[in-house]
Amino acid sequence: MIRIEALSKRYKDATVLDGLDWRVENGGFAVITGRSGGGKTTLLSAMGGLTRPDEGRAFIDGLDIWKLSEPELASLRNRKLGFIFQFPSLMPSLNMLDNILLPIAFSGRSPNLEDRKFALSLLDMVGVGGKEELYPFQLSGGQQRRAAIARAMINSPPVLLADEPTGDLDEKTESEIMRLFQDINRQGTTIVMATHALDYVDLGKAYTLKGGRLIPYEGAEVAPAGAASRGQ
């Protein structure tokens, strides 16, 4: 489902991604750990079509995404990818229902009745059912995170990219969100999650991003993952 080849990205004098070869199979769950500023966000952005790498290629469902035109890339992101960022980034002027439906509007059409029914079912699934008329300021941080997950799922994307999705949550809410990711993954969605929450590395196949290279989490000082990581 996701494959990167010789992917590199540099910022000034720092190389945050150094010729990465990696893949995540359809339905997989990959967990990426590493220090703050070590490149986890850049990796997710490069494989998700948000940050152009300096070298290398990224494939989503067989498509070489950085060969696409910007309109084609925007369409792919909308259809194939769900993004969950470090902060919920909900639109403060929209209620929860309209926030969830926003990616549909970005696709160039107006949400219909079936879209609204699906959005309500997603709000139920993530545990904030009945709050569709509320605005972001009326929800707790955990509830906003849940709503952001529902928004990422509105177009039923086969891939979910989650960047520190529980970074500022209490332990109980963090645990609930992680169980929700497990449920989503069991339904067939491929998930790549960057996190500092080491308690949850066993949710999937775990890696550490260190020195621009991905290495298996349980052997953090061994050789970088390359061909060996292709089992995921």
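Strands here are DSSP runs of E that span at least two residues, numbered from the N terminus. With that in hand, strand β1 covers residues 2–11, and Ser8 sits in it. Keep in mind that this is a predicted model.

Is Ser8 buried or exposed? Its relative accessibility comes out at 8%, so Ser8 counts as buried, the cut-off being under 20%. As for who is around it, leaving aside residues up to four places away in sequence, Ser8 touches Leu17, Asp18 and Gly19, along with Pro53, Asp54 and Glu55.

**Charged pairs**

Now for the salt bridges. Side chains of opposite charge can pair when their charged atoms come close. Going by a cut-off of 4 Å between nitrogen and oxygen, the count for this model is 16 salt bridges. Here are three of them, with the N to O distance for each.

| Pair | N to O distance |
|---|---|
| Glu5 and Arg3 | 3.0 Å |
| Glu5 and Arg57 | 3.0 Å |
| Asp64 and Arg57 | 3.5 Å |

Glu5 turns up with two partners, pairing with Arg3 and also with Arg57. The Glu5 and Arg57 pair ties together distant parts of the chain: Glu5 belongs to strand β1 and Arg57 to strand β4, 52 residues apart.

**Helix α2 and its cover**

Over to a helix. α2 runs through residues 70–80, and its buried residues are Leu73, Leu76, Arg77, Asn78 and Lys80. So what covers them? Among the covering elements are the strands β4 (55–60), β5 (63–64), β6 (81–84) and β7 (159–163), plus helix α3 (96–106).

Key. Residues numbered from 1 in each chain as written. Predicted model: local features only at pLDDT ≥ 70, side-chain atom pairs only at ≥ 80, totals over all residues. Heavy atoms only, no water. Buried < 20%, exposed > 50% of the residue type's maximum accessible area, 1.4 Å probe, protein only. Helix = DSSP H or I, 4+ residues; strand = E, 2+ residues; numbered from the N terminus. Contact = heavy atoms within 4.5 Å. Salt bridge = Lys/Arg side-chain N within 4 Å of Asp/Glu carboxyl O.
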